[in-house]
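Please open the structure in a viewer and keep the selection panel at hand.

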Amino acid sequence: MNFSYYPGCTLKNKAQDLDRWARLSAEALGIHLEELETWQCCGGAYSMGKDEIASKLASVRALQAAKEKGQDLVTLCSACHNVLKQANDAMANDPDFSLRANNYMALDTPYKGETKVIHYLELLRDVVGFDNLKKAVKNPLKGKKIAAYYGCLLLRPGKVMQMDNPENPRIMEDFIRAIGAEPVLWANRNECCGGYAVLEDKAIAVKKSTAVMDNAADQQAEMLITACPLCLYNLTKNSASETRLPVKYFTELLAEALGVKE
Amino acid sequence: MSKYDREQILRTSGVNVLKCMRCGKCSATCPSYDEMEYHPHQFVYMVEKGEIEPLLQSKSLYKCLSCFACVERCPRGVEPAKLVEAVRLQVIRQQGMNHLKPDDIPALLDDDLPQQAIVTALRKYSK
Amino acid sequence: MQRIGVFVCWCGSNIAATVDVAAVSEALGHEPGVVFSTNYQYMCSEAGQNIIKNAIRDYQLTGIVVCSCSPRMHEATFRKTAASAGLNSYMVEIANIREQCSWIHKDKAQATEKAIILGRAAIAKVHLNAPLTAGESPVTKRALVIGGGIAGIQTALDIADAGFEVDIVEKQPTIGGKMTQIDKTFPTLDCAACILTPKMVDCAQNDKINIFAYSEVKEVKGFVGNFHVKINKKARYVDATKCTGCGECTEKCPMKKIPNEFNLGLDNRHAIYIPFAQAVPKVATIDPNACNMLKNGKCGLCAKVCSAGAIDYKQKDEIVEREYGAIVVATGYNPIKLDDYDEYAYSLSKDVVSSLEFERITNAAGPTGGTLLRPSDGKHPHTLVFVQCVGSRCSAEGKGKSYCSKICCMYTAKHAMLCREKYPDTEVYVFYIDVRSPGKNYDEFYRRAVEEYGVHYIKGQVGKVVPRSDGKLLVQGSDLLANEQVHIEADMVVLAAAIEPDKSARPLATMLTASMDTNDFFTEAHAKLRPVESPTAGIFLSGACQGPKDIPDTVAQAGAAASKVIGLLAKDKLTCNPCTAHSDEMMCNGCSSCEKVCPYGAISYVDKEFRMPNRTTAIRRVAVVNEAVCQGCGACTVACPSGAMDLKGFSNSQIMAEVDAICKM
């Protein structure tokens with residue numbers, strides 16, 4: 001099966017591993033990710049201003065490109081996923097924004113949010129199926145206690161992201177079970193790591209990452225997994241916890257379980 | 001000026017401040033609360049009252065993490081984060097009011113900092 | 001030609017502020033057939049009714065039009081007025097210029113024009129009205145109460161007290177409802193069981209009351225005074241006439257790890273069980289999903305130990321058919337599920353509980369014997385945080401309920417107070433948005449919690465609860481008055497979950513053709529003046545099925561519903577609605593379309609001999625309406641392809657005349 005794929009800026013640079021293992025694993029599962037030829041950076045954060053038009057056009061172009069190919073658009077980085085889904089929602093449901101964005105785009109047929117944006121995790125859950133994934137696993141990660149770290153961008157706002165229950169999610173936990181490991185349930189899995197504020201006030205990132213790491217460690221996790229390069233950065237570089245658990249991209253564990261990690 | 005600001009902020013954010021029932025859930029859930037001089041519930045109330053000037057001056061504008069916790073958990077669907085963003089836009093859209101300038105960035109980099117952090121910070125703090 | 005009088009009501013300023021009433025009575029006075037037209041401040045008052053009576057006499061009126069409020073409000077009033085002046089009641093038409101005009105318009109000129117048009121339509125209809133005479137139907141002198149909680153129990157007791165038979169249908173194995181799970185009751189702190197269980201026993205012992213426990217209503221047919229109901233008595237696999245409730249079987253049953261619903265899953269029960277010691281009827285029930293004997297034919301221990309020989313593994317569901325004159329809905333409420341509110345960590349920690357679970361934990365008959373112990377480790381908690389309004393008062397687009405659940409402020413004050421009273425070593429915090437305590441001695445009760453018992457009330461909400469492995473719950477909340485974010489290390493968190501109508505209410509409403517609001521609460525016939533009646537005749541409402549209610553309000557409403565039922569059952573005959581359907585047998589082609597759509601089963605067919613040309617005869621199948629059963633809904637008149645079916649008082653020609661009058665403009 002073929003899907004359009006939007007890697008985003010960080011996956012071409014500091015988070016190449018997140019991308020590489022995702023592609024290798026997808027191929028192993030019979031899914032081909034076709035990188036959009038002309039994607040541009042999503043901007044990292046969705047501009048919440050209703051009168052912010054230009055800053056959302058990169059997303060709209062990517063969505064339009066996938067529409068032209070007639071494919072669902074797969075994202076991987078939490079931030080890109082958040083921005084693309086919110087922009088897509090605005091194109092479908094905010095007529096004023098949609099009209100103005102389409103005026104800039106000057107397409108033959110206006111784009112009205114037709115493309116379906118799915119996160120790589122949704123691809124595993126809804127297209128591959130966690131049961132099938134389990135069958136495809138060659139090296140189950142037996143006995144590993146893993147804390148799924150959703151952060152803030154993957155699930156919120158729940159009304160738009162429509163990925164899982166934003167307060168009581170299970171998609172990453174089900175993923176962890178599928179690759180043979182044991183999920184740890186913990187409260188701060190959907191609390192913020194401090195995000196981009198690390199550039200404004202590092203103390204915020206330290207405080208928030210520490211709270212996340214402390215909670216995971218307290219619940220006896222051996223490792224955290226994430227889909228977000230910035231979460232990984234903050235948790236590994238800025239957490240002041242006594243326990244410094246390893247933080248990995250979920251695709252790395254996926255590749256390992258599928259036996260495609262070189 | 002203040003009345004104009006208020007209208008502009010309401011328009012940019014799309015927030016209806018009158019939906020607020022003053023429960024304080026936004027401020028209860030805010031991860032940046034301690035770093036903020038004005039807290040999410042105060043943004044809502046102060047914009048409602050037209051007290052915009054103190055907000056425009058406040059460093060609180062740059063402490064919001066855009067984590068959507070207040071948006072998700074507000075029982076009335078007020079979406080305080082959108083209001084904070086609209087007030088911030090009101091400031092940084094003015095000439096010379098960028099909070100983060102490209103020249104500042106090299107000093108903030110380290111070997112592992114993901115690109116995502118830089119583009120997001122630029123989007124949030126400058127125009 | 002009719003001689004028509006027009007009476008335009010101001011309804012104080014309700015109509016007159018938006019509609020130029022003088023202009024309306026002036027304009028309608030010039031309509032054909034209108035011989036008298038006037039306006040008055042309150043047409044429904046005695047003085048107003050006298051204006052109508054005098055005009056009927058002085059102008060020999062044959063029909064009248066009252067331009068006023070909705071016919072649901074005062075049509076009956078004005079019909080009586082006409083009758084007392086010697087005019088047939090059905091020569092009265094109401095033009096609704098309040099709900100359908102003045103209340104929804106702002107522009108006076110537009111509203112006045114519309115009021116005139118509505119008046120003209122009513123006049124056009126009166127021209128075609130004919131006097132109608134109402135028939136009578138008998139009343140079955142027995143009531144059905146659906147739901148056996150405190151609402152249903154009180155209603156049944158009051159109806160029985162007046163000498164009428166009453167059946168209670170309860171889906172659980174015992175009556176008693178939510179109140180059986182509650183420890184103490186506000187604002188007097190008397191024990192719920194002490195005041196409820198005597199009433200349960202009264203129900204069982206009252207020879208006018210018949211309890212169908214572990215049963216559900218399957219089908220409702222008929223109409224006010226004459227309901228025909230099918231009740232499914234679910235198989236208990238125990239012969240209720242033989243079981244003595246000794247409990248021998250429940251002790252010996254080897255399947256003992258079944259989550260106990262009565263204690264909200266905080267402990268376990270056996271596959272054969274009696275929900276609690278004071279259950280009524282005190283009869284054992286086998287859970288077919290848990291019983292080994294029923295699932296795979298292995299075990300049979302309960303039958304061996306039962307000295308009464310009451311166990312019957314072959315028992316089947318049984319349908320009972322009964323006739324009733326009135327039906328009372330008392331289906332109650334449930335707390336909402338807390339899955340969408342996991343910022344409070346309900347699914348992550350056993351020590352985060354709902355308020356109803358807290359009732360069980362503090363109840364002397366509960367899993368801890370009434371000692372306050374944490375569910376996770378059985379230790380005594382020192383710091384407790386109560387969170388109000390969980391899922392209540394949410395915006396329409398959100399995940400919660402838009403309404404205030406009404407009971408939570410008071411029971412939370414009760415929980416907090418009892419906690420401090422019994423365990424002075426505890427610190428108790430209550431996060432609130434508003435404290436709502438409008439009831440007799442309610443605010444005083446809440447103040448006592450603060451002033452005498454030292455409960456810390458914090459104006460604000462909790463945003464996040466993080467359970468820690470050492471058993472502490474880190475509660476992060478806002479204190480709006482201090483303008484601070486507070487962090488409390490708690491041992492337990494108690495969530496005041498919103499309440500919602502029981503899930504059985506919606507399908508039941510469909511069976512009863514009773515209306516509901518968007519929240520699935522039953523709608524009352526009038527929010528202020530008919531609060532215990534459904535708009536569907538013969539259906540009455542008791543307790544929280546109509547809206548969130550505490551016990552005092554529920555008992556008051558239960559009594560009110562009972563008095564309405566008694567008023568109905570006291571009548572030997574009910575005046576029927578004369579606006580029934582009738583079929584023109586010359587036009588009827590016997591197609592059965594009308595019979596299929598009739599919700600009351602009022603239409604049947606007869607073979608009738610008709611004279612044909614040349615002295616021949618032919619037998620044709622034609623529809624006949626049973627006027628005692630027909631409720632005048634009009635479905636058949638719409639379904640009839642040949643136009644044979646028509647409705648008295650609302651004939652096709654009358655309705656077309658109204659439409660023409662409106663469209664003439």
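In this predicted model, begin by selecting the residues of chain B at the boundary between its domains: seven residues of domain 1 are in contact with five residues of domain 2. To display the two parts separately, colour residues 2–94 of chain B as domain 1 and residues 99–127 as domain 2. The centres of these two domains of chain B, taken over C-alpha atoms, are 23 Å apart.

Remain at this boundary. Domain 1 and domain 2 of chain B bury about 630 Å² between them, and 62% of that area is on carbon and sulfur atoms. Next, select B:Tyr62, B:Arg88 and B:Ile92, which supply 68% of the area that domain 1 of chain B buries against domain 2, more than any other three residues.

Which residue forms a salt bridge with B:Lys124? Select B:Glu85: its closest approach to B:Lys124 is 2.6 Å between N and O atoms. The count between the two domains of chain B is one salt bridge, and four residue pairs are in polar contact there.

Now move to chain A and select residues 54–69, helix α2. This helix has 16 residues and reaches 24 Å from its first C-alpha to its last, close to the 22 Å expected. Among its buried residues are A:Leu57, A:Val60, A:Leu63 and also A:Lys56 and A:Gln64.

Finish at A:Gly70, which follows α2(A) and has a positive phi, near 70°.

Definitions and conventions: Residues numbered from 1 in each chain as written. Chains lettered and ligands numbered in written order. Predicted model: local features only at pLDDT ≥ 70, side-chain atom pairs only at ≥ 80, totals over all residues. Heavy atoms only, no water. Helix = DSSP H or I, 4+ residues; strand = E, 2+ residues; numbered from the N terminus. Expected span 1.5 Å × (residues − 1). Buried < 20%, exposed > 50% of the residue type's maximum accessible area, 1.4 Å probe, protein only. Domains from an automatic or database assignment. Contact = heavy atoms within 4.5 Å. Buried area = accessible area lost by both parts, 1.4 Å probe. Salt bridge = Lys/Arg side-chain N within 4 Å of Asp/Glu carboxyl O. Polar contact = N/O pair within 3.5 Å; in protein donor to acceptor, adjacent residues only side chain to side chain.
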